[in-house]
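Hi there,

Here is the structure I promised to pass on. My notes on it follow below.

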Amino acid sequence: MNTQIQNQATAKKAIRVVPAVVSREGGGFLVHRPFPTGNLRDFDPFLLLDEMGPVTYRPGEAVGAPDHPHRGFETVTYMLEGAMEHRDSAGHAGKLRPGDVQWMTAGGGVVHSEMPEEEFLRKGGKAHGFQLWVNLPRKDKMIRPRYQEIPREGIPVAKSSDGLAEVRVIAGESLGKKAVIDTRIPITYLHVTLKPGGKLEQVIPAGSNAFVYVIRGDGAFGREATRATEHQMVVFEPGGEVVTAVSEPQGPGAEFLLIAGTPLNEPVVRYGPFVMNTEEEIHEAIDDYRNGRMGMIRAV
Ligand code: MN
């Protein structure tokens with residue numbers, strides 16, 4: 001394959017291709033999960049990536065995740081298809097539609113629900129999206145919860161000069177466009193679509209850990225043009241500041257998430273929806289939740 005990448009020699013090398021494991025979450029919705037699994041526990045500063053679906057629901061069948069807490073990290077929900085409704089203990093509620101992003105900093109604690117939107121539930125349809133968990137540094141684990149909700153039209157879209165690469169910039173920057181979301185530590189979160197023959201050379205902040213998760217089609221990633229296809233995660237070596245991706249001219253194109261972040265290098269103690277630095281802090285989280293100190297969702 002002619003990669004036509006200018007700085008291929010300095011690009012990060014892919015060191016693993018990890019297949020997603022199919023699992024059921026919340027009220028029983030299907031996810032493809034590259035981590036955490038037996039193959040990969042976490043990828044500092046990231047704790048989890050779930051590809052929700054893709055699944056087609058018949059009328060009345062769609063399921064979600066009823067009331068549950070979070071503490072110590074951020075959940076980033078990005079919808080591709082379908083519609084979700086969320087509600088939480090801070091009195092916050094909203095809908096997420098295709099292309100919308102919700103970046104929720106759980107901080108010291110929230111209780112929320114993530115359910116199919118009423119009309120979507122009634123009519124059925126295709127549900128597809130992502131949820132990424134971003135760890136918070138020790139000093140930020142107990143901050144006040146914060147929401148950044150960006151509708152589809154608010155997400156900057158960058159295009160390469162040859163028109164073969166399109167990047168939706170959720171966090172960080174790409175091809176001269178900067179994200180509107182702020183993050184606690186440097187995070188890059190890009191939704192990349194390469195037409196056949198397209199390529200991307202993405203510079204990420206020095207010292208970042210980086211991975212790609214392929215949504216559709218296939219591509220060749222990193223210094224050795226490692227191939228990956230849908231439902232696979234490509235893990236890059238530490239070091240280096242460039243991630244490369246190429247799609248074959250005769251192929252189907254490649255659509256993927258490119259995600260990178262500065263590792264925290266702090267102890268990770270996780271228990272379901274709580275991720276802290278010590279066992280003691282986990283016990284406190286369980287106790288605070290049981291005693292209603294993370295609040296509850298009021299009926300409307
Ligand atoms: Mn949740």
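Two strands count as paired if DSSP finds at least two bridges between them, and strands themselves are DSSP runs (E, at least two residues), numbered from the N terminus. This is a predicted model, where local features need pLDDT of at least 70, side-chain atom pairs count only at pLDDT 80 or more, and totals for chains, interfaces and linings use all residues. Residues are numbered from 1 along each chain as its sequence is written, and side-chain values use heavy atoms, with hydrogens and water left out.

**Hairpin.** Strands β2 (residues 21-25) and β3 (residues 29-35) pair in the antiparallel sense over five bridges. Glu25 has Phe29 in β3 as its bridge partner. Three residues sit between the strands, and Gly26 takes a positive phi near 50 degrees.

**Metal site.** The manganese ion has His68 (NE2), His70 (NE2), His112 (NE2) and Glu114 (OE) as its protein donors, 2.1 to 2.3 Å away. Donors are N, O and S atoms within 2.8 Å of the metal (3.2 Å for Na, K and Ca); water is not among the atoms, so sites may look incomplete. His68 in β5 (residues 65-70) and Glu114 in β10 (residues 110-116) are 46 residues apart.

**Largest pocket.** Of its 33 lining residues, Glu25, Gly26, Phe29, Ala65 and Glu114 lie nearest the centre. A pocket here is an open set of 1 Å grid points, over the protein atoms alone, where a 1.4 Å probe fits, with protein on both sides within 12 Å along at least five of seven lines; lining residues have an atom within 4 Å of a point. Strand β4 supplies the largest share of this lining, six residues.

Happy exploring!

How values were computed. Helices (H or I, at least four residues) and strands (E, at least two) are DSSP runs, numbered from the N terminus.
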